[in-house]
Structures are given as C-alpha cells and as structure tokens.
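Let's take a friendly walk through this structure, stopping at a few places along the chain. Keep the model open beside you as you read.

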Amino acid sequence: MTRQELIQQIREKQSFLCVGLDTDLNKIPQCIIDEAKAKDGEDYVFRALCEFNALIIDATAPYCVAYKPNLAFYEAFGVDGILAFEATIDYLKEEYPNHFIIADAKRGDIGNTSKMYAKTFFEEYDVDALTVAPYMGEDSVTPFLGYDDKWVILLALTSNKGSHDFQLTEDANGERLFEKVLKTSQQWGNEENMMYVVGATQGRMFEDIRKVVPNHFLLVPGVGAQGGSLQEVCQYGMTKDCGLLVNSSRGIIYASDGQDFAEVAGQKAHELQQQMAEELRKAGII
C-alpha cells in the first residue's frame with residue numbers, strides 16, 4: 001500500500017485506528033475454546049485462533065484502517081500458530097483488501113539474515129509493513145527497503161518502562177539515542193517506505209520526535225490499556241496528512257470475555273474511531 005492510499009483510507013474511514021491482534025489463548029473467551037475443542041479435540045489451537053481473529057476482524061473492520069498481528073502470540077504455538085497467522089493474513093486480504101497489514105515481528109539481524117526475513121514477510125506473507133529493530137545498523141535494515149509499496153516500521157521510542165534504559169541515553173553532544181536512530185535512518189529510507197514506533201505514553205516527547213521527522217507516519221501503541229492519551233498524541237504528533245496509526249490491542253479485542261466479545265470489540269473500536277474523527281476534523285484533515 002502506498003502512502004497516498006493509506007492517507008485516502010484514513011480520510012474515507014475518518015479513522016487512523018490500528019487493531020492489534022495479540023491473540024492469547026489464555027484471554028480469548030471460553031466459548032471459542034469450547035467450540036474449537038468440540039470440533040477438533042486436542043488439536044483445537046489453529047481453529048480457536050482463526051475463529052477469534054475472524055470474528056474480531058469482522059466486528060472492527062468498519063472502524064479501523066490497519067491490523068497488526070503480533071508474531072509472538074502465534075509462534076508460541078509452533079506450526080499451528082504460524083498456520084493461524086497465515087490464515088489470518090489470507091482472511092484479511094480476501095475479505096478486507098483495503099486494510100493495511102502490519103506484521104509485528106521486530107526483526108533485524110545481519111544483512112543476509114534480514115534479506116531472508118524480508119523475503120518471508122514481503123513475498124511469502126505479502127504484508128504491507130514489518131516492525132524492525134534498528135540497533136544493528138544500516139545493513140540490517142536496508143534489505144527490508146527493497147520492496148515497492150512495502151514499509152519498514154523502525155523502533156524509535158517505545159512505550160515500555162525499560163525504554164528509558166537505552167533510548168533516552170545521551171551522547172557527548174546531548175543527542176539522545178532515539179534521536180540518532182531517527183536522523184541516521186532517514187539516509188536509508190523515506191516518508192514513502194519508513195515509519196517509526198513511538199509509544200503513546202511518551203506524551204510531549206512527540207514534539208521532539210516531530211522536530212526530527214516532521215512528516216513520517218508514526219505507529220503509536222499504548223493508547224487504552226497502557227494509559228496513553230489519544231488527545232495528547234494528536235496534539236503533539238499529528239501532521240497535515242494525519243501521520244499517525246494509533247494501535248489498540250487489549251482494550252478492544254479483550255473488552256469482553258463473554259459470547260458478546262465481538263460485538264463489544266466493535267463498540268470499543270467505534271468509540272475510538274469517533275474520537276479520531278473529531279481529532280481529524282480539528283486538524284482540518286476531513
């Protein structure tokens with residue numbers, strides 16, 4: 001998906017919501033588990049993951065522009081989990097082809113290994129974007145940038161508590177590590193193929209981010225369950241083209257553990273979409 005196509009989807013949907021598919025068998029409703037076991041016995045994992053994801057996607061698709069399956073939640077179940085990830089990608093492509101798909105895998109290794117990771121996600125799975133760790137440098141990132149209309153999403157300033165351990169450390173000139181990542185990586189990619197992960201809990205740090213990357217899209221986790229403020233993110237991070245994909249995972253997909261889980265997930269996504277539409281109107285984008 002091109003940058004302009006993504007912007008068009010944001011305007012049409014009046015939303016910049018990304019729904020995180022962090023599908024955990026310990027958290028999905030028991031009714032899904034029971035139904036899957038009734039059909040497949042002890043080999044229920046694949047069916048349970050797929051059924052839950054499909055119902056969540058159907059309920060939330062009208063209100064979001066992107067989905068972000070987190071690979072860890074699928075790889076944890078071996079072959080069955082990987083097959084469920086593949087099936088979820090296929091379902092999105094067949095039923096909702098205009099939605100942006102992010103594989104949250106945080107890959108990044110020496111160049112020839114990164115080349116194989118890029119082939120996996122951009123050729124085999126054919127997702128739109130992949131999260132990448134930048135800390136091994138240019139040759140670990142550039143293999144992902146050789147695909148048309150595909151995106152690298154570099155970790156910049158994350159929402160977890162431990163982000164302060166390294167990302168905010170300063171060099172002798174007072175430049176923080178996340179700022180060096182932002183500045184240096186712009187020599188590798190551009191606004192058409194590179195985004196950055198910036199956690200919603202970073203608040204006014206978005207001002208500092210925008211001084212370095214004024215127009216790049218930012219993938220913003222941490223709104224909702226992690227306590228980040230959508231209004232604060234928009235105040236300091238929104239651009240004339242929106243420039244934001246705000247992710248919510250647990251706050252949507254686990255909003256209910258009953259049989260109404262999909263309906264409630266849709267309601268939560270709709271609530272966020274309405275708040276986003278208001279922010280887009282305030283910014284004159286719609």
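Leaving aside neighbours within four places in sequence, Q14 is in contact (heavy atoms within 4.5 Å) with Q9, Q273, M276, A277, L280, R281 and I286. Before going on, please note that this is a predicted model, in which local features need pLDDT of at least 70, side-chain atom pairs count only at pLDDT 80 or more, and totals for chains, interfaces and linings use all residues. Residues are numbered from 1 along each chain as its sequence is written, and side-chain values use heavy atoms, with hydrogens and water left out.

Q14 sits in the loop between helix 1 (3–13) and strand 1 (17–21); helices (H or I, at least four residues) and strands (E, at least two) are DSSP runs, numbered from the N terminus. Although Q14 and Q274 are 260 residues apart in sequence, their C-alpha atoms are 8.0 Å apart in space. Q14 is partly exposed, at a relative accessible area of 30%. On this scale, buried means under 20% relative accessible area, exposed over 50%, and partly exposed in between (1.4 Å probe, protein chains only).

Now turn to helix 6 (residues 111–124). Its 14 residues reach 19 Å from the first C-alpha to the last, close to the 20 Å expected at 1.5 Å a residue; the expected span is 1.5 Å times one less than the number of residues. Which residues of helix 6 are buried? They are G111, S114, A118, F121 and F122. Seen down the axis of helix 6, these buried residues fall within an arc of 95°, so they line one face of the helix; the arc is that of the directions from the helix axis to the C-beta atoms. The buried residues of helix 6 pack against helix 5 (78–95), strand 3 (100–107), strand 4 (129–132), helix 7 (138–141) and strand 5 (151–157). On the face turned away from the buried side, helix 6 carries the exposed residues N112 and E124. Just after helix 6 comes D126, which takes a positive phi of about 60°.

Helix 5 deserves a look as well, and T88 is found there. Is T88 buried or exposed? T88 is buried, with a relative accessible area of 3%. Not counting residues up to four places away in sequence, T88 touches L21, N53 and I57.

Our last stop is F46, whose place is in helix 3 (residues 45–60). F46 is partly exposed, with a relative accessible area of 34%.
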